[in-house]
Each structure stands twice: as C-alpha cells, then as structure tokens.
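Here is a short report on one protein model. Look over the sequence and the structure first, then read on.

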Amino acid sequence: MQSSELNSFDALMSSAMAASQANAGPQAIDLFQQASAPNPGAALPQFLLGPEFAALGDMTQPQAAFANATRLAPGFPMARYQLGLLQFSSGRAAIALLTWQPLLDLPAADPLPHFVNGFAALAQDHFDEALRHYEQGLALNTTNDALSGDIEKVVAGIKALVKSSAAAAPDAGTADDEASNHVLLSNYHQQGRAH
C-alpha cells in the first residue's frame with residue numbers, strides 16, 4: 001500500500017470508527033466500505049462492518065462480513081469467533097463448532113477456547129460443564145468488556161433455564177417448553193444441536 005493510500009485508509013477507518021461510536025450506522029458502513037474498496041485484502045474493515053450490519057437488524061450481511069474477515073485473515077481470532085457466534089445463535093451449532101475449531105489451538109490463557117468449549121457443552125445440553133467453561137473464560141478476559149457482557153447474558157440464560165427446569169422437574173413437558181422458549185437457547189435447542 002502506498003503512503004497516500006495508507007493515509008486515506010487510516011482517515012476513512014478513523015472516520016468510520018467515529019461514526020460507529022456516534023451510532024451513525026449507515027455512515028459507518030459507507031465509510032468502512034470505502035476503506036475496503038481500494039484494499040480488498042484488508043480484514044479489519046470487513047470485521048467492523050459485521051456489528052454495523054447487525055445493529056441494523058440484518059443478520060445475513062454480518063455473517064458475510066465476518067466470513068470475509070476470517071477468509072482474509074484466518075489468524076484473526078475475534079472475526080472467527082464472531083462468525084461462529086452468529087452461526088450458533090442462528091441455530092447452526094455444528095457449523096459454528098467447525099468455524100471455531102482453530103480457536104481451540106489458542107493458548108489456555110486466552111478466553112476464546114473456553115467460550116468455544118462452553119458453547120460445545122451447551123449444544124450437548126451439558127449446562128454445568130458449559131457454565132464452568134464460560135466462568136473460566138470470563139476470569140481470563142480482562143480486555144474485552146463487550147465479549148464478557150455477551151457471555152454473561154448466556155450464563156444468566158443457562159442459570160434461569162436450569163432453575164426453571166429444576167422447579168418444573170415433576171413435569172418434564174413444562175421444562176422442555178421453557179427451554180424451547182428461552183431467548184438465548186431456543187435456536188440451538190430446536191434446530192442446531194451438534195449431535
């Protein structure tokens with residue numbers, strides 16, 4: 001990349017980030033796309049497009065953006081993680097687990113392998129095991145509050161499901177109904193089990 005292209009890329013990325021922080025999604029998308037156009041091999045604009053599209057309620061384009069970022073930079077763990085998360089939450093647990101497979105090779109001090117193992121256990125209805133993995137990952141994640149916030153929501157959903165299932169244990173049909181209606185777990189439970 002030439003010096004003038006680099007300056008233009010940096011300026012566009014900076015403006016796009018500012019638009020994103022100001023919740024100006026369409027402007028941020030336009031700027032990230034402008035930054036990406038002369039630099040089709042740059043993974044970062046593609047990665048940052050994902051949450052912008054998601055914030056607009058479109059779940060197809062974020063998956064494409066994260067997939068592009070992962071294709072362009074296979075060693076970009078957060079792009080791979082976010083792609084798998086969208087796949088998992090859309091009921092495609094088996095595909096998500098395949099997407100996440102390389103993350104299991106990250107060092108044990110990285111939270112992502114623990115979160116991936118948590119989702120793998122969740123896909124098998126092993127709630128206690130999932131909670132252990134999530135809690136290990138949360139303890140290790142000291143730099144990404146948004147990531148921890150997402151996992152904390154999953155943990156709260158599992159705990160609520162386990163509590164409601166225990167309360168309704170005499171009536172197994174009720175527990176199954178509550179599990180299938182749970183906002184965080186319904187897609188994997190109904191459609192996307194890995195087994």
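## Basis of the model

This is a predicted model: local features need pLDDT of at least 70, side-chain atom pairs count only at pLDDT 80 or more, and totals for chains, interfaces and linings use all residues. Residues are numbered from 1 along each chain as its sequence is written, and side-chain values use heavy atoms, with hydrogens and water left out.

## The whole chain

The protein chain has 11 helices and 0 strands. Helices (H or I, at least four residues) and strands (E, at least two) are DSSP runs, numbered from the N terminus. Read from that end, the order is α-α-α-α-α-α-α-α-α-α-α.

The chain holds 195 residues, and 42% of them are buried. Buried means under 20% relative accessible area, exposed means over 50%, and partly exposed lies in between (1.4 Å probe, protein chains only). The accessible surface comes to about 10,000 Å². Carbon and sulfur atoms account for 55% of that surface. These areas come from the Shrake-Rupley method with a 1.4 Å probe; for residues, only the protein chains shown count as cover.

Contact means heavy atoms within 4.5 Å. Take the contacts between residues at least 6 apart in sequence: 47% of them join residues at least 24 apart.

## Helix H5

Helix H5 covers residues 77-89. The expected span of a helix is 1.5 Å times one less than its number of residues. For the 13 residues of H5 that gives 18 Å, and the end C-alpha atoms are 18 Å apart, which agrees.

H5 is mostly covered, with 10 of its 13 residues buried. Among them are Tyr-81, Leu-85 and Phe-88, and also Arg-80, Gln-82 and Gln-87. Just after H5 comes Gly-91, with a positive phi of about 85°.

## Two nonpolar cores

A nonpolar core is a set of buried Ala, Val, Leu, Ile, Met, Phe, Trp, Tyr and Cys residues joined through side-chain atoms within 4.5 Å. The largest one has 26 residues. Tyr-81, Trp-100, Phe-119, Leu-122 and Tyr-134 touch the most other members. Two or more residues each come from H5, helix H6 (93-100), helix H7 (111-123), helix H8 (127-140) and helix H9 (145-167). H7 gives the most, with 7 residues.

Which residues does Phe-119 contact, leaving aside its neighbours within four places in sequence? They are Tyr-81, Leu-85, Phe-88, Trp-100, Tyr-134, Ile-151 and Val-154.

Thr-70 sits in helix H4 (residues 60-72). At 8% relative accessibility, Thr-70 is buried. A polar atom of its side chain lies 2.9 Å from the backbone oxygen of Phe-66. Beyond four places in sequence, Thr-70 touches Ala-79, Arg-80 and Leu-83.

Gln-46 belongs to helix H3 (residues 43-55). Gln-46 is buried too, at 13% relative accessibility. Not counting residues up to four places away in sequence, Gln-46 touches Ser-36, Ala-65, Asn-68, Ala-69 and Leu-72.

## A salt bridge

Side chains of opposite charge can pair when their charged atoms come close. A salt bridge is a side-chain nitrogen of Lys or Arg within 4 Å of a carboxyl oxygen of Asp or Glu. The count here is 1 salt bridge. Its partners are Lys-159 and Glu-135, at 4.0 Å from N to O. Lys-159 lies in helix H9 and Glu-135 in helix H8, so the pair ties together parts that are 24 residues apart in sequence.

## Positive phi in loops

Most residues other than glycine have a negative phi. Asn-23 has a positive phi, near 60°. Asn-23 is in the loop between helix H1 (3-21) and helix H2 (25-36), and at 71% relative accessibility Asn-23 is exposed.

Asp-125 also has a positive phi, of about 65°, although it is not a glycine. Asp-125 lies in the loop between H7 and H8. Asp-125 is partly exposed, with a relative accessible area of 26%.

Terms used: Polar contact = N/O pair within 3.5 Å; in protein donor to acceptor, adjacent residues only side chain to side chain.
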